[in-house]
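Me: Hi! Could you walk me through this one with me?
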Amino acid sequence: MVERIGFVGPGIMGRPMALNLLQAGYPVWVYARTPARAVSLAERGASLCPTPRDVGRAADIVITMVSDTSDVEEVLLGDDGVIAGMQEGGLVVDMSTIAPAATRRMAKRFAEQQIAMLDAPVSGGDVGARAGTLSIMVGGDADAYRRMLPLFEVMGSSIVHVGESGAGQVAKVCNQLVVAANIAASADALLFAKAAGVDPAKVREALLGGFAASKVLEVHGQRMLDRNFEPGFKLKLHQKDLRIALEAIADHGLELRCVEAVAAGIQEGVEAGWGEHDTSSVLRVLEGHNGIELA
Ligand code: NAP
């Protein structure tokens, strides 16, 4: 039996992920708060629903890809949420980046209605979402994971069942600690090259061959060189991820170093009005402080 798939949140990430599922032959029901965002999916055969509740009613498995913890709570547990429509035996898979503690609470709430829930945040950006090469970090029950695996394999190329409920979001916090530091370090390096009178594009090329190589330097480094701040990954979502990380770190009584410095830079970028722009905008914060431009 082909599973009927529900999808809530066809944004920069969700739209290509849903499209890949349609192209793999799955029937897909979509809820888009801004209906215009789902037009291209409807043109390829997706059915549009007026509420997340209707998505829950139509589908066996519902995937959510919205913004923040409160958004996931609203589309899953609100009056018109997925939980109000979904049958016993259903599966909810939240692929947004949200707080680990909140995902565990939601999974418990769904379990009371015999509905399984996985947390399955991703890394790989809009590029990976379109190519179906996301890294997917999964927390939750092993049977639910096995059920979802064929769909994960459509959307991603690295899929790891990290552990019980919440473990996927914990892995995503770790992912963001590394990615955030990497974006900030890439901006530092390219701007330093410029100040030192050396071509930053050549420096990027040289670094990509050694231990400093990273997907971030490759993708975001190029965006910085091009001064292309079209999102990508919105600076305000990056700020949200680091807020989640800092809260989770504090919950565990830890004091970590890099994340605090990077979060401060991102905060400045959002205050400067670049929240809807790509997170490569951290470069612009540095440029402002140092009085030089990369390009
Ligand atoms: P986005 O382009 O802003 O898309 C978010 C989508 O969720 C939009 O369609 C939005 O609707 C919808 N949404 C948000 N809150 C909602 C609510 N309360 N009710 C109904 N719909 C709601 O963001 P994105 O870049 O796709 O990111 C989605 C998630 O993936 C975030 O948690 C983000 O941190 C994570 N993520 C993003 C990237 C990346 O590179 N972009 C990479 C990895 C993970 P509207 O269109 O009406 O606003």
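Me: Before anything else, what counts as a pocket here?
Reply: On a 1 Å grid over the protein atoms alone, a pocket is an open set of points with protein on both sides within 12 Å along at least five of seven lines. Its volume is the space filled by probe spheres set on the points. Bear in mind that this is a predicted model.

Me: Thanks! What volume does the second largest pocket have?
Reply: The second largest pocket comes to about 340 Å³.

Me: And which residues lie nearest its centre?
Reply: Pro100, Ile244, Ala248, Ile249 and His252 do, out of 18 residues that line the pocket. Helix H5 (100-111), helix H8 (167-195) and H11 each give two or more residues to that lining. The largest share is from H11, with six residues.

Me: How does the lining divide by residue type?
Reply: Into 12 nonpolar, two polar and four charged residues.

Me: Where does that pocket lie relative to the domains?
Reply: Between domain 1 (5-164) and domain 2 (170-290), because both give residues to its lining.

Me: OK, switching to the ligand. Which residues are closest?
Reply: Thr34, Arg37, Ser67, Lys234 and Lys240 are the closest of the 27 residues that surround the ligand. This shell has 10 nonpolar, eight polar and nine charged members.

Me: How much of the ligand does the protein bury?
Reply: 93% of the 900 Å² that the ligand exposes when taken alone.

Me: Which helices supply at least two residues of the shell?
Reply: Helix H4 (69-77), helix H6 (125-131) and helix H11 (235-251). Domain 1 and domain 2 both contribute to the shell, so the ligand lies between them.

Me: Last topic, backbone geometry. Where is the cis peptide bond?
Reply: A cis bond joins Pro231 and Gly232, with omega about 15°. Gly232 is in the loop between helix H10 (215-226) and H11.

Me: What about phi for Arg227?
Reply: Arg227 is in the loop between H10 and H11, and its phi is positive, near 50°. Gln114 has a positive phi too, near 55°, and sits in the loop between H5 and strand S6 (116-119).

Me: Why flag those?
Reply: Because most residues other than glycine have a negative phi, and most peptide bonds are trans.

How values were computed:
Residues numbered from 1 in each chain as written. Predicted model: local features only at pLDDT ≥ 70, side-chain atom pairs only at ≥ 80, totals over all residues. Heavy atoms only, no water. Near = heavy atom within 4 Å. Areas by Shrake-Rupley, 256 points an atom, 1.4 Å probe, with all protein chains shown as cover. Helix = DSSP H or I, 4+ residues; strand = E, 2+ residues; numbered from the N terminus. Nonpolar A, V, L, I, M, F, W, Y, C, P; charged D, E, K, R; others polar. Domains from an automatic or database assignment. 1 Å grid on protein atoms, 1.4 Å probe; cavity = no way out; pocket = protein on both sides within 12 Å on 5 of 7 lines; lining within 4 Å.
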